[in-house]
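Try each task before reading its solution.

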Amino acid sequence: MAGKKPETDRGRIEQFKLSRPILLNGNAVTELKIEIDHINFGINKKTKKLNKSRRTHFTISDVVRFLRELHDEDIEPIERDGHVLRFAVRVNCPVAGKFFGKEFILIFDTNEQRKNKERTKSTP
Amino acid sequence: MNYTNEEILNRIESAKKNKAKLTHITDKSELTIDDRLKISLCRHFVQYINEKKIKSVELSKLLNIPPSRVSEIVNYKINAHSIEHLLGYLQLLSKHSPKIREYLNLVGVAVEAPSMSASRTKEISKSIKHLYAEDLEHGRAYA
């Protein structure tokens with residue numbers, strides 16, 4: 001009997017090119033991959049699928065504003081896996097009218113091999 | 001970077017569990033000069049870790065200081081440390097890094113600078129900032 005296929009569906013994933021790069025650990029990030037549905041719906045711990053109801057209404061540009069908070073920062077990755085660096089940081093929401101000032105945990109990766117790429121999700 | 005949902009959930013749980021230890025990105029515009037100086041000093045430890053691709057635990061062994069202290073430093077928990085402490089740790093690190101040694105020399109030169117006219121001091125500050133910006137434009141300032 002074949003094993004169960006691992007669940008990887010996290011809804012819409014947007015690719016976004018930045019007009020102004022974000023400088024993180026001295027490297028310029030110019031392109032982002034954002035799991036926007038994951039951010040707004042969250043994953044259910046039991047079913048391991050996207051929740052059906054929204055928890056936030058962040059847009060791609062809102063997520064970019066979160067990431068702009070990291071500009072010119074030097075952060076230690078929580079994990080290294082070859083060229084992939086995994087980060088988790090606490091960021092206060094910079095988006096007015098949407099949880100402004102509330103602390104979120106931003107979880108994202110950078111890939112040193114594929115320079116200028118970043119994948120992200122945030123969790124309140 | 002194709003993570004399964006389970007892997008992602010594990011990452012989220014781990015981040016939530018270690019929330020207090022994570023770096024907190026804050027607005028630096030309202031920080032005191034002391035805090036800004038502490039952040040700048042902490043930054044050198046993070047840059048060293050990133051450059052050498054080591055973990056903070058390895059850095060703690062290198063400097064012979066407790067891992068918890070290094071974790072606080074690299075996550076910018078500045079209230080836990082005085083400038084004096086951070087400079088002391090940086091001096092330990094300078095034994096392993098010529099860049100940090102030179103940075104400390106630069107700090108020494110800046111500290112020993114005589115009191116000058118406001119315009120002259122402004123001019124020097126501007127030149128230094130200009131040099132930093134130039135360095136960043138060339139990619140990795142710490143490479």
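Domain bounds here come from an automatic or database domain assignment. Please keep in mind that this is a predicted model.

**Exercise 1.** Find which domains chain B is assigned, and state what distance separates their centres.

*Solution.* Start with the bounds: domain 1 of chain B covers 12–112, and domain 2 covers 114–143. Next, take the centres over C-alpha atoms; those of domain 1 and domain 2 of chain B lie 22 Å apart.

**Exercise 2.** Describe the side of chain B that touches chain A.

*Solution.* Begin with the counts: 28 residues of chain B and 29 residues of chain A take part in the contact. Then look at the elements of chain B that give two or more residues: α1 (5–17), β1 (23–25) and α2 (33–52). Of these, α1(B) gives the most, with eight residues. Finally, sort the chain B side by residue type: 13 are nonpolar, eight polar and seven charged.

**Exercise 3.** Work out in which sense β4 of chain A pairs with β1(B).

*Solution.* Locate strand β4 of chain A at residues 84–92; its pairing with β1(B) is parallel and runs over three bridges. Now find V89(A), which stands opposite T23(B) in β1(B).

**Exercise 4.** Identify the residues with the most contacts inside the largest nonpolar core.

*Solution.* This core has 40 residues, and the ones to pick out are V89(A), C42(B), F45(B), I73(B) and V74(B). The element giving the most to this core is α2(B), with six residues. To finish, follow I73(B): leaving out residues up to four places away in sequence, I73(B) touches C42(B), F45(B), H81(B), L86(B) and Y89(B).

Notes. Residues are numbered from 1 along each chain as its sequence is written. Chains are lettered from A and ligands numbered from 1 in the order in which they are written. This is a predicted model: local features need pLDDT of at least 70, side-chain atom pairs count only at pLDDT 80 or more; totals for chains, interfaces and linings use all residues. Two residues are in contact if their C-beta atoms, placed from the backbone, lie within 7 Å. Helices (H or I, at least four residues) and strands (E, at least two) are DSSP runs, numbered from the N terminus. Ala, Val, Leu, Ile, Met, Phe, Trp, Tyr, Cys and Pro count as nonpolar, Asp, Glu, Lys and Arg as charged, and the others, Gly among them, as polar. Two strands pair if DSSP finds at least two bridges between them. A nonpolar core is a set of buried Ala, Val, Leu, Ile, Met, Phe, Trp, Tyr and Cys residues joined through C-beta atoms within 7 Å. A residue is buried if 20 or more other C-beta atoms lie within 10 Å of its own, exposed if 12 or fewer, and partly exposed in between; C-beta atoms are placed from the backbone.
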